[in-house]
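Subject: Structure handover and findings

Hello,

Here is the structure to be handed over. The findings come after it.

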Amino acid sequence: MSERGARIALADDDVLLREGVASLLEQHGYDVVGQAGDAPQLLALVREHEPDLVIVDIRMPPTLSTEGLEAARVIRQEFPAAGILVLSAHVEVDEAMELLAGGQGSGYLLKSRVTDVDEFVETIGRIARGGSVVDPGLVQELVAARRRNDPLEALTPREREVLALMAEGCSNSGIARRISVTEGTVEKHVNSILMKLQLPETQDDHRRVLAVIAFLESR
C-alpha cells in the first residue's frame with residue numbers, strides 16, 4: 001500500500017481520543033474511512049471498506065478485556081494485506097507478541113505515545129509501508145526480563161542494543177544516529193545478529209521482523 005493517502009479504519013471506545021487521532025491522521029494526508037466504538041462495529045467497518053490500515057484499542061466494550069485483539073485476529077485472517085496497529089494503555093507482552101508474530105504491517109503502541117505527534121505519524125507511515133513497530137516501553141520491559149536459555153545469548157551488548165532499536169522500528173540510518181556510529185557499522189551489526197540467530201535469507205525486510213520476534217520471545 002502507499003503511505004500517504006492510505007485508507008484507515010479507527011476503533012476506540014474513548015470518543016475524544018478517537019476523534020483526536022482521526023483529525024490528526026486527516027491533517028497528515030490519510031483517509032479515515034470510518035470510526036468504531038466496539039469490535040463488532042470495527043469488523044463491519046473493515047468488511048465494508050477494506051481499509052489499508054486498521055488502528056484498534058486492545059481493550060474494548062463490552063468486557064474491556066481483549067476484544068480489540070480478537071478483532072485484529074479476524075482482520076488479519078480475512079484481510080492479510082491490511083496493516084494493523086494496536087493501541088494499549090499498558091504494556092501487555094503476550095498480546096503484543098501474538099500480534100507481531102502475525103507478520104509484517106503490524107504495530108504495538110502505548111497510548112501515551114500518541115501525544116508525540118511526529119513519532120505517531122512516523123509509526124503510521126512505517127506500518128503503512130509494511131514495517132513492524134514495537135513500543136519502546138515494551139522493548140525495555142523485555143530487555144529487563146530475560147529468561148534462561150536466551151536465544152540471544154550469543155549477541156554482544158552492542159548487538160543487543162542494535163536489536164532493541166530494530167524492535168522499535170528504527171532503520172539502519174536511524175540506529176546509527178541513536179548510537180553515534182556510521183551506517184556501515186550498523187549494517188555489520190545487523191548482519192551479525194541475523195547470522196547468529198540463524199535466520200533464513202530473504203529478499204525483503206522479513207528477516208528483521210523475525211529477529212525482532214526472537215528478541216521479544218527471549219523475555
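At roughly what angle do the axes of helix H7 and H9 cross, and within what distance do they come? The axes of H7 (residues 157-167) and H9 come within 10 Å and cross at roughly 95°. Axes here are lines fitted to C-alpha atoms, for helices over the stretch in contact, and angles run from 0 to 180 degrees between N-to-C directions. That makes H7 roughly perpendicular to H9; angles of 65 to 115 degrees count as roughly perpendicular, under 35 as roughly parallel, over 145 as roughly antiparallel and the rest as oblique.

Before the rest, the conventions. This is a predicted model, in which local features need pLDDT of at least 70 and side-chain atom pairs count only at pLDDT 80 or more, while totals for chains, interfaces and linings use all residues. Residues are numbered from 1 along each chain as its sequence is written, and side-chain values use heavy atoms, with hydrogens and water left out.

Overall content

The chain has 10 helices and 6 strands. Helices (H or I, at least four residues) and strands (E, at least two) are DSSP runs, numbered from the N terminus. Of the 219 residues, 52% count as buried, where buried means under 20% relative accessible area, exposed over 50% and partly exposed in between (1.4 Å probe, protein chains only). Taking contacts between residues at least 6 apart in sequence, 65% join residues at least 24 apart; a contact means heavy atoms within 4.5 Å.

The sheet

The 6 strands form an open sheet with parallel pairing, in the order E2-E1-E3-E4-E5-E6. Two strands pair if DSSP finds at least two bridges between them. E2 and E6 (132-134) are the edge strands, each pairing on one side only. From one strand to the next the twist averages 20°.

Strand E1 (residues 7-11) is largely enclosed by the rest of the structure, because 4 of its 5 residues are buried. E1 pairs with E2 (residues 31-36) in the parallel sense over 5 bridges, and Leu 10 has Gln 35 in E2 as its bridge partner. E1 and E3 also run parallel, joined by 4 bridges. In that pairing Ala 9 stands opposite Val 54, and the partner of Ala 11 is Val 56.

Helix H3 (residues 67-78) packs on the sheet and touches E3, E4 (83-88) and E5 (106-110); the direction of H3 makes about 160° with that of E3. E1, H1 and E2 make a right-handed β-α-β unit. Right-handed means that, with the strands pointing away from the viewer, the path from the first strand over the helix to the second runs clockwise.

The H7 and H9 contact is made by Arg 158, Glu 159, Val 162, Leu 163 and Met 166 of H7 and His 189, Val 190, Ser 192, Ile 193 and Lys 196 of H9. By class this contact has 5 nonpolar, 2 polar and 3 charged residues. The classes are: Ala, Val, Leu, Ile, Met, Phe, Trp, Tyr, Cys and Pro nonpolar; Asp, Glu, Lys and Arg charged; the others, Gly among them, polar.

H9 also packs with H8: their axes come within 8 Å and cross at roughly 110°. H8 and H9 are therefore roughly perpendicular to each other. Asn 172, Ser 173, Ile 175 and Ala 176 of H8 meet Glu 183, Val 186, Glu 187 and Val 190 of H9. These residues divide into 4 nonpolar, 2 polar and 2 charged.

H1 (residues 15-27) and H5 (residues 117-128) pack at an angle of about 75°, with their axes 11 Å apart. That makes H1 roughly perpendicular to H5. Val 21, Leu 24 and Leu 25 of H1 make the contact with Val 117, Phe 120, Val 121 and Ile 124 of H5.

Backbone points

Ser 180 lies in the loop between H8 (172-179) and H9 (183-196). Phi of Ser 180 is near 60°, a positive value in a residue other than glycine. Ser 180 counts as exposed because its relative accessibility is 65%.

Glu 50 sits in the loop between H2 (39-49) and E3 (53-57). Phi of Glu 50 is near 45°, again positive in a residue other than glycine.

Regards
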